[in-house]
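Colleague: I have a two-chain model open. Walk me through how to read it, feature by feature.

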Amino acid sequence: MAMLDEKIVSQLKELFKGLDKEVNLKFFTQELECAFCKDTHNLLQEVAASSDKIKLEVFDFQKDKEVAEQYKIDKIPALVVMDEKDRGIRFFGIPSGYEFTSLIESIKLVSTGKLQLKESTKDFLNTVKKPVHLQVFVTPTCPYCPPAVVLAHQMAYYSEYIRADMVEASEFNTLSIKYNVQGVPRTVVNETEFLEGAAPEEYLIEKIKAFL
Amino acid sequence: MFEFSLNLSQEIDKNQIFDLIIVGGGPAGLTAGLYAARYKLNVLMIEKSFISGGQLTGIDTIENYPGFAEPVLGSKLAQNMAEQAKSFGLKSINAFVDSLDLQKDIKEVKVGNDIYKAKTILITTGTSSGKLGIKHEDEYVGKGISYCATCDGPMFPDKKVLVIGGGNNAVKEALFIAKYAKEVIIIHSGEKLNAAVSNIDKLKDEQKIKVLLNSSVKAIDFSDLKNKTFEIENSSNNKVETITADGMFIFVGTTPNTSLVEGQLELEKGYIKTDCSLQTNISGVFAAGDVIVKELRQVATAVGDGALVAYKINKYLSNL
């Protein structure tokens, strides 16, 4: 049975007409012991089938260990959304519910390069010269989560020093416990700084500043 | 098993002057958008979340919105409203509004690097969850304190959770959280719950939920995140009991989202004052839905406001 209903598929086809560059979806999966890998794979196949500008590549988390390491993939299901270059955009867990919007936003971003970041944010990001890892914990039923994910992904797209992950909190429960995630969205900055809620750009900048 | 929600910003020509810009995409804004689009007004809605529907998107189910014999998912109702409005030509973007300049004839809405202009503005920014006002409340939001059950309920599997409040929201959200948690205690300051009888009746079938009446949370101690304690005072005997729980969801009242218009629009107890046309103290600036001074804040009343205000805005524009 199809994951996406006909209405969403036709919306996607219409929307993807506006895509510019080719988008590469690198998907990391394995057959066993991964509750959401198969569903995520099916979902991505349907998304990729909606445009000839979207290419899906599938990697086995175990067998293609070197590729996984290259893209810093340490858990599955995992997705890298990129063009010819890795832009630091990652999804860990199935981007379902409200997070489906985040997935489609990331495809649009990578293909068109159109950013919504404020000029002051870009000025700040130009000063970032050290690696920054943003992990945005979400649940699919959280309407406030996509803005936090999209902001992190936009920052990653703009700055080669930033890597931004969407992490589905209930799928990666051990990680949620590790970072004490009891509410979403929660953005973890370089393991030790935390931001609650879908906050404006300036709030996330303040957290990143702690590492510069 | 899986739901997929898609709601993307549209490409908008920023150099045009809109007939109407709606700030806030809840039921009032979406209804006004639907009506305004059907009046063939050039209308743009700006919603801070990526998902239109306002508070509807964070509610599990709605049972008192006419037209649905079975309870309808808040997210589904929101999505339907948004799709209906867009099908008639409502344009929308998902963005934080930084500021509003409402004084001139042509009103300006600043969004990031862009300025959008319109002949009229409609404020439908709604309300946010009210706070308890106890010490450390803000500090522990997301670390055990939450105002959104659909967002954070799944984070408490097999946990013990307190739900504060006695209205419909508190009772319905307690029932939602009980799908995940092993124990839910509703704590309400009144002698009896204020929720609709139909909602209260459902509590009888849910063994996981207990209700403490005449009780309120006086203090919290989350210094040990694995052993969070809550001081609960019983107003009928003045006894204070300390209980442990993993989290607390707060559903007590609402706070109007008026920070964008403070100093520009006349407010009453924080809510926007409007006349019978839902116009504010500034000509061409209207407000509707939960954010205005009114007696009953429901999806149905927000929708009614939205229809009326679009009609009044259309009339206002035709007289310009």
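Modeller: Start with contact: two residues are in contact if their C-beta atoms, placed from the backbone, lie within 7 Å. Keep in mind that this is a predicted model.

Colleague: By that rule, how many residues does each chain give to the contact?

Modeller: Chain A gives 35 residues and chain B gives 28 residues.

Colleague: Which elements give two or more residues to the side of chain A that touches chain B?

Modeller: Helix 1 (6–16), helix 4 (99–112) and helix 6 (145–158) of chain A. Helix 4 of chain A has the largest share, with four residues. By residue type, the side of chain A that touches chain B splits into 17 nonpolar, twelve polar and six charged.

Colleague: Now domains. What does the assignment give for chain A?

Modeller: Domain bounds come from an automatic or database assignment. Here chain A has domain 1 (6–84) and domain 2 (119–209). Their centres, taken over C-alpha atoms, are 21 Å apart.

Colleague: On to strands. How do I read pairing?

Modeller: Strands of a sheet pair through backbone hydrogen bonds, either parallel or antiparallel. Take strand 3 (residues 78–82) of chain A. Strand 1 (residues 23–29) of chain A pairs with strand 3 of chain A in the antiparallel sense, over five bridges. Within that pairing, Phe27(A) has Leu79(A) as its bridge partner.

Colleague: What about strand 3 and strand 4 of chain A: how many bridges there?

Modeller: Three, again antiparallel, with strand 4 covering residues 89–92 of chain A. Val80(A) stands opposite Arg90(A) of strand 4. The two strands form a hairpin, with six residues between them. In the turn, Gly88(A) has a positive phi of about 80°.

Colleague: Is strand 3 of chain A mostly covered or mostly open?

Modeller: Count neighbours: a residue is buried if 20 or more other C-beta atoms lie within 10 Å of its own. On that count, four of the five residues of strand 3 of chain A are buried, and the strand is mostly covered.

Colleague: Now chain B. In what order do the three strands of its open sheet come?

Modeller: The order is 14-15-16, and the pairing is antiparallel. Strand 14 (215–221) and strand 16 (239–244) of chain B are the edge strands, each pairing on one side only. From one strand to the next, the twist averages 25°.

Colleague: How many bridges join strand 15 of chain B to strand 16 of chain B?

Modeller: Six, with strand 15 covering residues 229–234 of chain B. To check one by eye, find Ile232(B): its bridge partner in strand 16 of chain B is Glu241(B).

Definitions and conventions:
Residues numbered from 1 in each chain as written. Chains lettered and ligands numbered in written order. Predicted model: local features only at pLDDT ≥ 70, side-chain atom pairs only at ≥ 80, totals over all residues. Pairing = 2+ DSSP bridges. Axes fitted to C-alpha atoms, helices over the stretch in contact; angles between N-to-C directions. Buried ≥ 20, exposed ≤ 12 C-beta atoms within 10 Å, placed from the backbone. Nonpolar A, V, L, I, M, F, W, Y, C, P; charged D, E, K, R; others polar.
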